[in-house]
Amino acid sequence: MTDIEAAVAAAFRQEWGHVVATLIRMTGNWDLAEECAQDAFATALARWPADGVPDRPGAWLTTTARNRALDRLRRSRTEAVKLQEVAALSAPAEPRADDSGVRDDRLRLIFTCCHPALTLEARVALTLRTLAGLTTAEIARAFLVSEATMAKRLTRAKHKIRDAGIPYRVPPAHLLPERTSGVLAVLYLLFNEGYSASAGEQVRRGDLTAEAIRLARLLAALMPDEPEAVGLLALMLLHDARGAARLDDDGELVTLEDQDRSRWNAAEIAEGLGLLDGALRRGPAGPYRLQAAIAACHARAATPADTDWARIAVLYGELRRLVPSAVVELNRAVAIAMASGPAAGLALVDDLAARGVLPAYYLLPATRADLLRRLDRRDEAAASYREALSLVPTEPERRFLQRRLAEVGG
Amino acid sequence: MRYMLLVCGQEEPEDAAADHDADEPCWAPWARELQGRGVLLVEGSQLQPVSTATTVRNDGDQVLVSDGPFAETKEQILGYDVIECADLDEAIYAAARHPATLKGGVVEVRPILASV
């Protein structure tokens, strides 16, 4: 890659979302905005080798994309529509302040992409396409669907935004808390899909986790008054720091207990802990700060034996009050098993199983199997491992369970 | 933009629906609340029960008329309202505060084509 290509690639990662977000505001047309942004980056590749990289690449790209949009509108539209749209495009580029005083177009874009009137799949795809700049083919690969399917999903979402009148704005104060938690949920889902793939050969897809962290970083910067956004970023960093140690050289899954902690990413941990400390000082912790605080307990422990499981159990208890969820209860049971012994954890897991609240969730029988193994109840452990194996979604996790099943003589 | 709010739910037995003693219809406070937010209630009404519905088809040669709604489902269209407002968020607000929603019903929000 030449220096210029590298400069364009860097500008793409840095500026794509900004250029698209600005063009959507100016034209109200999502397809036109994307096409003109693409044209602007192509023009940069052609012109920057001769003209040099501009001082403010973002401003250069936005202006180029805007001029391209003006050209296309002049050529293609009827007089009345053309005059109206050209007038809008010729107006000063500075957006008006919203009710909430936020000015960055990318924040409008995030909220519109994550609007609850779109399906969750559409929200994720639209965020990756318009804000992060992934191609339709890349997003299709990441979610294991055909490019045609993903293209259809994106088109349908953009049409709904236009035809149903989904607003392009940061929600007003009375809607902001609810919509913000919706945005955080989309970014967290994106991260989890990368961190622990729901299907396929690979357990981890680093490209998605990297995009999720980049978007969470952007959101935290754009919403400085939202400590949960900072909490989400800290949570992602603390989990991602363990990514390399989570799989061994053969691609096999390594449990937290057995991970080589020297392979944890110290820079990510330091950043995550620093962000979390700041965010925890700002009012009662919400679900993302609580989960980050749990991840921090692991990150701070030099060896598995140093882990403060009692504190983790308390944090899961608080999380359960905010987010009543059987998965949270299962994790609390694991923490209690570690703090007070496997029998105490097993009682909670058995209670969950009896209530039938986590049907077809492989981690329930897998956790039960592990606790039975620790209690040396081998036959029961083997039966639970077999049940987990019938439900496990990815290959490395399947192989891990098979190794454990062999250990208990199953 | 204009939106139609399609009020869906199960029909109530006739006597339960007949509590018309109040000074004003149940939708009046809702309409006032909407007005206060700049949302205009253009028109709207409850519909007569599904037992009064007639479904009409035209296959080119002849008109086919049958008794009952176009789809036999547990939930039926009970009424409609047309509102004029800025965007979908306002329409969602109007639907969330609709008297039928407050009583456990469901409202489908559909933009009206001509308003786009």
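Biologist: Which residues in α6(A) are buried?

Modeller: Please keep in mind that this is a predicted model, and that everything below is computed from it. In α6(A), the buried residues are Ala122(A), Arg123(A), Val124(A), Ala125(A), Leu126(A), Thr127(A), Leu128(A), Arg129(A), Thr130(A) and Leu131(A). That is 10 of the 12 residues in the helix, and α6(A) can therefore be called mostly covered, given that a residue counts as buried if 20 or more other C-beta atoms lie within 10 Å of its own. The helix reaches 16 Å from its first C-alpha to its last, which is close to the 16 Å expected for its 12 residues at 1.5 Å a residue. Just after α6(A) comes Gly133(A), which takes a positive phi of about 80°.

To see part of the surroundings of α6(A), we can turn to α8(A), whose buried residues pack against α6 (120–131) of chain A, and also against α2 (30–51), α5 (105–113) and α7 (136–142) of that chain. The buried residues of α8(A) are Met150(A), Arg153(A), Leu154(A), Ala157(A), Lys158(A) and Ile161(A). Seen down the axis of α8(A), these residues fall within an arc of 125°, so they line one face of the helix. The general rule behind such a pattern is that an α-helix has 3.6 residues a turn, so residues three or four places apart point the same way. On the face of α8(A) turned away from its buried side we find the exposed residues Ala148(A), Thr149(A) and His159(A).

The length of α8(A) can be checked as well: its 17 residues, 147–163, should span 24 Å at 1.5 Å a residue, and its end C-alpha atoms are 24 Å apart, which agrees. α8(A) is followed by Gly165(A), whose phi is positive, near 75°.

Of the 410 residues in chain A, 42% are buried. Among the contacts in chain A between residues at least 6 apart in sequence, 59% join residues at least 24 apart.

Key. Residues numbered from 1 in each chain as written. Chains lettered and ligands numbered in written order. Predicted model: local features only at pLDDT ≥ 70, side-chain atom pairs only at ≥ 80, totals over all residues. Helix = DSSP H or I, 4+ residues; strand = E, 2+ residues; numbered from the N terminus. Expected span 1.5 Å × (residues − 1). Arc of directions from axis to C-beta. Contact = placed C-beta atoms within 7 Å.
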